[in-house]
Amino acid sequence: MSILITNIKQLLQVYDHNVTIVKGKDMNQLSVLENAYLYIEHDTIIEYGKMEDYHPIEAETTIDATGRIVLPSWCDSHTHIVYAGDRTSEFVDRINGLSYAEIANLGGGILNSAKVLQETSEDDIYNQSIKRLDEVIKMGTGAVEIKTGYGLSVDAELKMLKVIKRIKQDTLAFITPTLLAAHAIPEPFRKDKKKYVKQITESLIPKASELNISHFIDVFCEEGYFDIEDLESILKAGKSYNFRPKIHVNQFNVLGGVAMGVKHNALSVDHLELLDDSDIKALKGSNTMPVALPGCSFFLGIPYTPARKLIDSGLPLAIASDYNPGSAPSGNMNFIVGAACVKLKLTPEEAINAATINGAYAMGISNMYGSVTRGKKANFIITKPMDHYSEIPYQFAHNPVEQIIINGQLLE
Ligand code: NIG
Ligand code: FE
């Protein structure tokens, strides 16, 4: 299998050396080759350069990309794409005045999705979820993190992990599974949350580790969900089974979860709609990627992550969809890149860095994905005709994707 793409108007994210993260001011730089070619074999990037330096290469498929941009596929580092059913009725309840918190307190929200998932067969969950994944792949996403968290019992969480494993085996996208058992307090544990935390640390984590599907652990650290003490005990238990943290923090409250994540070498701290100076201080000099989820802010009408504050402090930033039935029922990364520019005040360069190389970093795969570098995986978006890559976020909610190459395979 070999594919040659010629006459590329702009080839984005070209790095001869292996860049794995972009921070601060550097986020405003995109490495662009104008009038370029790209050659891939099987699933690997072999060669690229300027058309003026091009010597004919024999390829099984040749694509003339005149007038088109080619860039690495989106790396969506935070999703809950595996779920059963939907929460359209809660959406309407919110329009009619109920808040996300009020709906959750009435037994809706995450608990609603957990009830439906527990009653749905593994096959059915798989079929519903892979359909969503196929849709986001067509919109240019090539790597996806998928969390559990709608199981909320040992058996149902393991069922979710098994579904994610099947998806990982069957899809061309790269999948990173994350264990998010501490997503909400299940009804039977309402009066004794510590008992559920104990079930996670003593039963679920060892069993999940035995399945050897996931190596990341997540906790929803918020008032009414899991506090800082719960967070630390779950992260410590996870660590002893080699789970690295990727956590939900600072969506509605600042509880100190950012510093706790950094202390436990979190790969990412996600949401951050609220952020104080101690959070910025904690992130400085760490290996932890802050991740903003503008689709969630858009859908819930909550504040947007103060992304400028992070980047202007010299920190990196990734953006992700948070695709889930309650707070962000869309996995369209083209919209996320547009929303990052409009609402987080990122430049197109910063937004594209945040959705490619930094997204890959937030999944632990930026050695393989997120840039055009010889030896990296062949996951690309070939856009519709456009003059400049800034049109991708400018035409918000528009689909800029004409063709995709995923794991070396061309999908029209
Ligand atoms: O990232 N906030 C926690 N988890 C999801 C929402 C889940 C849900 O409402 O089903 C989020 O926004
Ligand atoms: Fe989330």
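Q: Is strand 15 mostly covered or uncovered, and how many of its residues are buried?
A: Burial is read from relative accessible area, where buried means under 20%, exposed over 50% and partly exposed in between, with a 1.4 Å probe and protein chains only. In this predicted model, strand 15 (residues 401-406) is mostly covered, 5 of its 6 residues being buried. Strands (E, at least two residues) and helices (H or I, at least four) are DSSP runs numbered from the N terminus.

Q: Which strand pairs with strand 15 over 4 bridges, and in what sense?
A: Two strands pair if DSSP finds at least two bridges between them. Strand 14 (residues 380-383) pairs with strand 15 in the antiparallel sense, and Q403 in strand 15 is the bridge partner of I382. Strand 16 (residues 409-411) also runs antiparallel to strand 15, joined by 3 bridges, with 2 residues between them in a hairpin whose turn residue N407 has a positive phi of about 50°.

Q: Which residues coordinate the iron ion (ligand 2)?
A: Donors are N, O and S atoms within 2.8 Å of the metal (3.2 Å for Na, K and Ca), and sites may look incomplete because water is not among the atoms. Here H78 (NE2), H80 (NE2), H248 (NE2) and D322 (OD) coordinate the iron ion (ligand 2) at 2.1 to 2.3 Å. H78 lies in the loop between strand 6 (74-76) and helix 1 (88-95), and D322 in the loop between strand 13 (318-319) and helix 12 (333-342), so the pair ties together parts that are 244 residues apart in sequence. H78 is buried, with a relative accessible area of 0%, and D322 is buried at 1%.

Q: What numbering and pLDDT conventions apply?
A: Residues are numbered from 1 along each chain as its sequence is written, while chains are lettered from A and ligands numbered from 1 in the order in which they are written. Local features need pLDDT of at least 70 and side-chain atom pairs count only at pLDDT 80 or more, whereas totals for chains, interfaces and linings use all residues, and side-chain values use heavy atoms, with hydrogens and water left out.
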